[in-house]
Amino acid sequence: MKRASVFVAVLVAVAGLAFAKPEKAGPDGPKERKILEFNTMYGVDEAFVGDLNPIRGIVGDEAPWAIAKSARGRLDADGHLRIRMRGLVFANDPRVAPGLVGKNDEPTFRGVVSCLSEDGAGHVTTVNVTTMGFRATVSGNSDIDAKVFLPKPCVAPIVFVIAGSEDKWFAVTGFESGD
């Protein structure tokens, strides 16, 4: 009888482990669930310049921007947003003063996470959450590392880099063919 009880207890424990969600741990504790990871962004250009074609209610800057080097980032389910931007600068375009081409004139960049969510009546809404400003260099380098409060649910997230001084986007998750 004692052996049968031990066998049943072991069987129940093994079955519980089989159905439990494994929690991966990193050196600093449990690993966060990744929602989105990206290695490209699209600098505001063409039809997205200005306020005619906003994305999720955020208008593009009035001048085109380019990513001269790289953009990558990650958004975790707990709202931890990281963006490593290298070379987000004014594009070579007639709308940009010659002295600003290839430079950034904003002292800070902010990150925005845009989610589709639900309101209390079950309607789909857009919820944009914005980080505080993070230092940006004249060469367009910035490291955004912040925690934002994501709506529940957060569906189809899009990440933007916007100006520190106004709510206009310079870069958004995406890419342009041929880049």
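This is a predicted model: local features need pLDDT of at least 70, side-chain atom pairs count only at pLDDT 80 or more; totals for chains, interfaces and linings use all residues.
**Entry 1: a pair of strands.** I started with β6 and β7, which pair in the antiparallel sense over nine bridges. Residues are numbered from 1 along each chain as its sequence is written, and side-chain values use heavy atoms, with hydrogens and water left out.

**Entry 2: the turn.** I followed β6 into β7 and found a hairpin with three residues between the two strands. G79 sits in that turn, with a positive phi of about 90°. I also looked up R74 and found its bridge partner in β7, R82.

**Entry 3: the other partner of β7.** I then went from β7 to β11; six bridges join them, and they run antiparallel. Here R84 has D143 in β11 as its bridge partner.

**Entry 4: the core.** Next I looked for nonpolar cores, meaning sets of buried Ala, Val, Leu, Ile, Met, Phe, Trp, Tyr and Cys residues joined through side-chain atoms within 4.5 Å. The largest one has 39 residues, and M41, F160 and W169 have the most contacts inside it. Among the elements that give two or more residues to this core are β4 (41–43), β7 (80–90) and β13 (168–173). β12 gives the most, with six residues.

**Entry 5: around M41.** Which residues touch M41, leaving aside its neighbours within four places in sequence? I counted contact as heavy atoms within 4.5 Å. The list includes I67, A71, I83, M85, F160 and A171.

Entry 6: I checked the loop between β4 and β5 (59–60), where E46 is found. E46 has a positive phi of about 50° although it is not a glycine. At 56% relative accessibility, E46 counts as exposed, the cut-off being over 50%. R56 lies in the loop between β4 and β5 too, and its phi is positive as well, near 50°. My last stop was P153, in the loop between β11 and β12. A cis peptide bond joins K152 to P153, with omega about 0°.

Technical notes:
Buried means under 20% relative accessible area, exposed over 50%, partly exposed in between (1.4 Å probe, protein chains only). Helices (H or I, at least four residues) and strands (E, at least two) are DSSP runs, numbered from the N terminus. Two strands pair if DSSP finds at least two bridges between them.
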